[in-house]
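Here is a short briefing to read alongside your model.

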Amino acid sequence: MAHTSPTEGSRRTLEEYHINEDVGFALPHPLEELPQAFSAWTRIASNLPTLIDNGQLRGEVEKLPVLNTDELRGHRLQRLAHLALGYITMAYVWNRGDGDIKKVLPRNIAVPYCELSEKLGLPPILSYADCVLANWKKKDPNGPRTYENMDILFSFPGGDCGKGFFLVSLLVEIAASPAIQAIPTVSSAVQNQDQKELAKALCDIAASLENAREYFRRMREFVDPNQFFNVLRIYLSGWKGNPKMSEGLLYEGVWDTPKKFSGGSAGQSSIFQCLDILLGIEHRTGKGSPAEFLQEMREYMPPAHRDFLCSLESGPSVREFVISCEDEDLRNAYNKCVNGLVSLRKFHLTIVNTYIVTPSKQQPGGGSGSEENRGTGGTDVMNFLNSVKDATEKALLSSV
């Protein structure tokens, strides 16, 4: 049997979990065009702002032919179709974002959307796996993966706000992906009780988190707070924990009763949940707790990524090993990672303040209702993020 080096072996392991060497949990090289047979979907998904503006969006969706999803073969093609139908669904439900809400999704879109969701193991709502991880392309295919050389595949109203929000999120995800590549090294170092190797891998993780934060800072360059709060946020809202859709959405021809699904949020990113597990960070548990919300958000991740989180949970505890070693350098390396996560989470709080809390206070009669302070995932976002940040800080180890 051919011998594989540890790095080669771990690379193969990560690939099995659909984790890419270059882009981590993001979908590598998303397809950009659906086959001709699905041009009716493309025509709507590619023209949402105009159709909404002209008042034609809902009529167009209602006269869509029912298309057969069996012709969509291969993971990337299915992800593209799921993304397009997710955009169309959000636009159909919220339309102009003025409170005129549709609570029934017509069968000609509900049936294929739910079939595709079933095949992919994703929910029938626009999630982070769709609008961030599978919603990008390079303008010049041979050019670099930079904001300036990238674009998103579909757009909501709100000008470039969606492009800024989704691409910066994606670039943060990609910048943090070397941390994921280092996980197999961390696991084997703990198993082999190799302190030096572990300290080095932890320092690599800390460096990639630092890099991710630098990308995160660019959110303010590309996303206008009022456009985000008043326009984009509405299209990303789901029908769970949302008083405007307290019953949920009825998927006609699929289920007899309405179903509730959360809107897309960073809680659906595998990368941060991954690092929480790796570093042994424990979030507050119980009903309505951060731990419960994060656990629920795993249902919105691609199944392979969900499986990866489970496999990490069954691995040896990095934290326990670091504590047992009583080695100053190792503790410092571990704390560097935890601090990297803390500073990302603190920055996330300032972003939420800029994009949700402040604009909500500028609403007529705004600022009082907790409803406006909800994140797109349906949580009371400031309390949630503060709790998550506090739990992360608690994981810091004191000196030996």
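The second largest cavity holds about 30 Å³ of space. In this predicted model, a search of the whole structure turns up two cavities of 30 Å³ or more.

**Around the second largest cavity**
- Its lining is made up of Phe25, Tyr128, Ala129, Leu133, Glu173, Gln268, Ser269, Ser270, Met301 and Pro302.
- Sorted by class, the lining residues of the second largest cavity are six nonpolar, three polar and one charged.

**The nonpolar core**
- The largest nonpolar core counts 135 residues, and Trp41, Leu198, Leu202, Ile205 and Trp239 have the most contacts inside it.
- Helix H18, spanning residues 328-361, gives the most to this core, contributing 15 residues.

**The cysteines**
- How many disulfides does the structure hold? The count is zero.
- Cys114 is in no disulfide, and the nearest cysteine sulfur, in Cys131, lies 18 Å away.
- Cys114 counts as buried because its relative accessibility is 9%, and the cut-off for buried is under 20%.
- For Cys161, the closest cysteine sulfur is also in Cys131, at 12 Å, which is too far for a bond, since a disulfide needs the sulfur atoms within 2.5 Å.
- Cys161 has 4% relative accessibility, so this residue counts as buried.

Technical notes: Residues are numbered from 1 along each chain as its sequence is written. This is a predicted model: local features need pLDDT of at least 70, side-chain atom pairs count only at pLDDT 80 or more; totals for chains, interfaces and linings use all residues. Side-chain values use heavy atoms; hydrogens and water are left out. On a 1 Å grid over the protein atoms alone, a cavity is a set of points where a 1.4 Å probe fits but cannot get out, and a pocket is an open set with protein on both sides within 12 Å along at least five of seven lines; lining residues have an atom within 4 Å of a point. Grid points are joined across faces, edges and corners, and a volume is the space filled by probe spheres set on the points. Ala, Val, Leu, Ile, Met, Phe, Trp, Tyr, Cys and Pro count as nonpolar, Asp, Glu, Lys and Arg as charged, and the others, Gly among them, as polar. A nonpolar core is a set of buried Ala, Val, Leu, Ile, Met, Phe, Trp, Tyr and Cys residues joined through side-chain atoms within 4.5 Å. Buried means under 20% relative accessible area, exposed over 50%, partly exposed in between (1.4 Å probe, protein chains only). Helices (H or I, at least four residues) and strands (E, at least two) are DSSP runs, numbered from the N terminus.
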